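Visitor: Hi! Could you walk me through this one in plain words?

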Amino acid sequence: LGDGWALAYLLEDSGCLEVRRGRHVRALRLTGAAAAIRQAIGAPLSPREADKLQAELAPAREELGEAGESGATSEGLTMSLEQAIEYALRDHE
């Protein structure tokens, strides 16, 4: 793909959609994978974007609690780029 910024953005959007679908673990894995990509390419979210994303993810964090949130996010952070893409393309859980 060659465009880490766009991929991170798409994973974040997918994560927000998953929150609306009630698939909270999946949402946090996807956004964790996006965060890893952003770290790797040196393209953090702006404060405004980060606040918006956190607001979107609030239902997932509330549902899963601190331990669940940390676990799901950590799983996303450790995904390779290929794993993140494959995971995002799978539509089950």
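Visitor: Which residue does E18 form a salt bridge with, and how far apart are the closest N and O atoms?
Guide: E18 pairs with R23, and their closest N and O atoms are 2.8 Å apart. A salt bridge here is a side-chain nitrogen of Lys or Arg within 4 Å of a carboxyl oxygen of Asp or Glu. This is a predicted model, in which local features need pLDDT of at least 70 and side-chain atom pairs count only at pLDDT 80 or more, while totals for chains, interfaces and linings use all residues. Residues are numbered from 1 along each chain as its sequence is written, and side-chain values use heavy atoms, with hydrogens and water left out.

Visitor: Are E18 and R23 buried or exposed?
Guide: Both are buried. Buried means under 20% relative accessible area, exposed means over 50%, and partly exposed is in between, using a 1.4 Å probe and protein chains only.

Visitor: What else does E18 meet in a salt bridge?
Guide: The side chain of R26, at 3.0 Å from N to O. E18 has a relative accessible area of 4%, so it counts as buried, and R26 is buried because its relative accessibility is 2%. E18, R21, R23 and R26 are linked in a network of salt bridges.

Visitor: How many salt bridges does the structure hold?
Guide: There are 8. One of them joins E12 and R38, with the closest N and O atoms 2.6 Å apart. E12 lies in helix 1 and R38 in helix 2, so this pair ties together parts that are 26 residues apart in sequence. Helices are DSSP runs (H or I, at least four residues), numbered from the N terminus, as are strands (E, at least two). E12 and R38 are both buried.

Visitor: OK, new topic: how many residues of helix 2 are buried?
Guide: 13 of its 18 residues are, so helix 2 is mostly covered, given the cut-off of under 20%. From its first C-alpha to its last, helix 2 reaches 26 Å, close to the 26 Å expected at 1.5 Å a residue. That expected span is 1.5 Å times one less than the number of residues.

Visitor: What about H24?
Guide: H24 lies in helix 2, and it is buried because its relative accessible area is 14%. Leaving aside neighbours within four places in sequence, H24 is in contact (heavy atoms within 4.5 Å) with V19, P59, A60, E63 and L64.

Visitor: And what makes up the largest nonpolar core?
Guide: It has 10 residues: L7, A8, L11, L30, A33, A34, I37, M79, A84 and Y87. Helix 2 gives the most to this core, with 4 residues. A nonpolar core is a set of buried Ala, Val, Leu, Ile, Met, Phe, Trp, Tyr and Cys residues joined through side-chain atoms within 4.5 Å.

Visitor: Which residues make the nonpolar surface patch?
Guide: W5, Y9, L10 and I41 do, over about 420 Å². Patch residues have over 30% relative accessible area and no salt bridge; like charges are joined within 9 Å, and nonpolar side chains (Val, Leu, Ile, Met, Phe, Trp, Tyr) within 5 Å. Accessible areas come from the Shrake-Rupley method with a 1.4 Å probe, and for residues only the protein chains shown count as cover.

Visitor: Where is I41 found?
Guide: In helix 2, residues 24-41. I41 is partly exposed because its relative accessible area is 42%. After helix 2 comes G42, whose phi is positive, near 70 degrees.
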